[in-house]
Amino acid sequence: MTILRARPASTLAVVAALAAVTATGTALLTSPAAAAQGCRVDYTPNQWSSGFTANIKVSPGDTAVSSWTVTWTYAGDERVTNGWNATVSQSGATVTARNMSYNGSIPAGGATEFGVQGTSGSSGGAPTGFSLNGVPCNGVGPTPTTASPTTPPPTTPPPTTPPPTTPPPTTPPPTTPPPVGCAGAVLCDGFESQTGSTPSGDWTVVSPDCSGAGTATIDTTTTHSGSRAVRINGAAGYCNHVFIRSTKNLGSVGSVRYGRIWVRHTTAQPTEHTTMMAMTDAADGNKDLRIGGQNGALQWNRASDDATLPEQSPAGVAQSVPLPTNRWTCLEFMVDGSAGQLRTWLDGSAIAGLTADGVPTHDIDGQWYNRTWRPQLTDLKLGWESYGGGADTLWYDDVAMGSSRIGC
């Protein structure tokens, strides 16, 4: 996925940002302008022949905001049809996104994310003119006012303005870049304590439905870090299920669960349905919430009714991504049992098609919300489950789970 950094706004946009001046020419420091000092808006698209989705990350910079309005301009014939985590509208080529009731507050140094879905034709290009609360972002700012010769420039910032070196809050919201490591995680395991060839101790080998030719072993030749990882030889055909299950009590994680798993595999995901991670849902008849693949891309699947996220339409699958082969990949997820929401990151990038935001969206989570979903997850299983053709060899390492985002 290519991350497009927004281009600087035009000179006309800068002039507009300076419209509020006094008769003497002194700039009025309005609240939105102050809030957007040093702001960034990062636009990450996922495009196909007739449409697109995009994840937009908003960072206000040095000063917190209590609400936000983000605008940008498309270069071609893109038309936004819906959005998530924001109220989105479009007039001509200009798009306006406003915060929801739950994500309007962003601390200094923090960030939040929202997304859009739309259609596009033959023309297009990188969007431009990003602004936050009316002030240009991504390095474009107001033209500095020339100080009077008799008035020396201030040598210190006003008392109410934090210096640029002020660190962000020590407890960032879930949408900010997470710390690296396992601080606060209930489960944090790089498998270094394993002494035999078969996973044991904090892990046990299980075959939830039936067993076949699949195996789970400790590997010392292919690791993400340290000297050990778990290797899963996933066999083709139905009933070759093999997993390792954590023996830790994960009930203390709470209703909001964050997971981080480093995974590597050898074979591109097939058209048939497969599973590589599963969690028992006590609120759904102890059936599994599982993530794996179908139609060549990552998908979440609910075992109780076989609902998928995203929906398995061409447009839905296009909003997911395949799991890269022959390299270590960081898979992160968040499941909010109270709100019935789910988010997924791959190597730190949010995946629009693997997001259930509470509002049914066609091709994404419309099928997922065909009934009320309030999961109560109780365990963690890593391995391989095939429901048709296709075999794979997988490795898992540096697994963590806790009540806040852990990071890659």
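Good morning. Please keep in mind that this is a predicted model, in which local features need pLDDT of at least 70, side-chain atom pairs count only at pLDDT 80 or more, and totals for chains, interfaces and linings use all residues. Residues are numbered from 1 along each chain as its sequence is written, and side-chain values use heavy atoms, with hydrogens and water left out.

I begin with the sheet. Seven strands make up an open sheet, and their order is β12-β15-β24-β17-β18-β19-β20, with antiparallel pairing. Its edges are β12, residues 203-206, and β20, residues 307-309, each of which pairs on one side only. From one strand to the next, the twist averages 30°. A word on terms: strands here are DSSP runs of E with at least two residues, helices are runs of H or I with at least four residues, and both are numbered from the N terminus. Two strands pair if DSSP finds at least two bridges between them. The angles run from 0 to 180 degrees between N-to-C directions, and the axes are lines fitted to C-alpha atoms, for helices over the stretch in contact. In general, strands of a sheet pair through backbone hydrogen bonds, either parallel or antiparallel.

Let us turn to strand β24, residues 381-386. How many of its residues are buried? Six of the six are, where buried means under 20% relative accessible area, exposed means over 50%, and partly exposed lies in between, with a 1.4 Å probe and protein chains only. Both faces of β24 are covered: Lys-381, Gly-383 and Glu-385 lie on one side, and Leu-382, Trp-384 and Ser-386 on the other. Strand β15, residues 242-246, pairs with β24 in the antiparallel sense over four bridges, and Val-242 stands opposite Trp-384. Strand β17, residues 274-281, also pairs with β24 in the antiparallel sense over four bridges; there, Thr-274 has Ser-386 as its bridge partner.

I now move to the disulfides. A disulfide is a covalent bond between the sulfur atoms of two cysteines; here the criterion is a pair of cysteine sulfur atoms within 2.5 Å. How many does a search of the whole structure find? It finds three.

One joins Cys-39 to Cys-137, with an S to S distance of 1.9 Å. Cys-39 lies in the loop between α2 (31-35) and β2 (40-47), and Cys-137 in the loop between β10 (135-136) and β11 (187-189), so this pair ties together parts that are 98 residues apart in sequence. The torsion about the S-S bond is about -105°, so this disulfide is left-handed. Cys-39 is buried at 3% relative accessible area, and Cys-137 is buried at 2%.

Another links Cys-182 and Cys-188, whose sulfur atoms are 2.1 Å apart. Why is this disulfide called right-handed? Because the torsion about its S-S bond is about 75°. Cys-182 is partly exposed at 22%, and Cys-188 is partly exposed at 43%.

There is also a disulfide between Cys-330 and Cys-408, with an S to S distance of 2.0 Å. Cys-330 is in strand β21, residues 329-336, and Cys-408 is in the segment after β25 (392-402), 78 residues apart. The torsion is about -90°, so this disulfide is left-handed. Cys-330 is buried at 0%, whereas Cys-408 is partly exposed at 30%.

Thank you for your attention.
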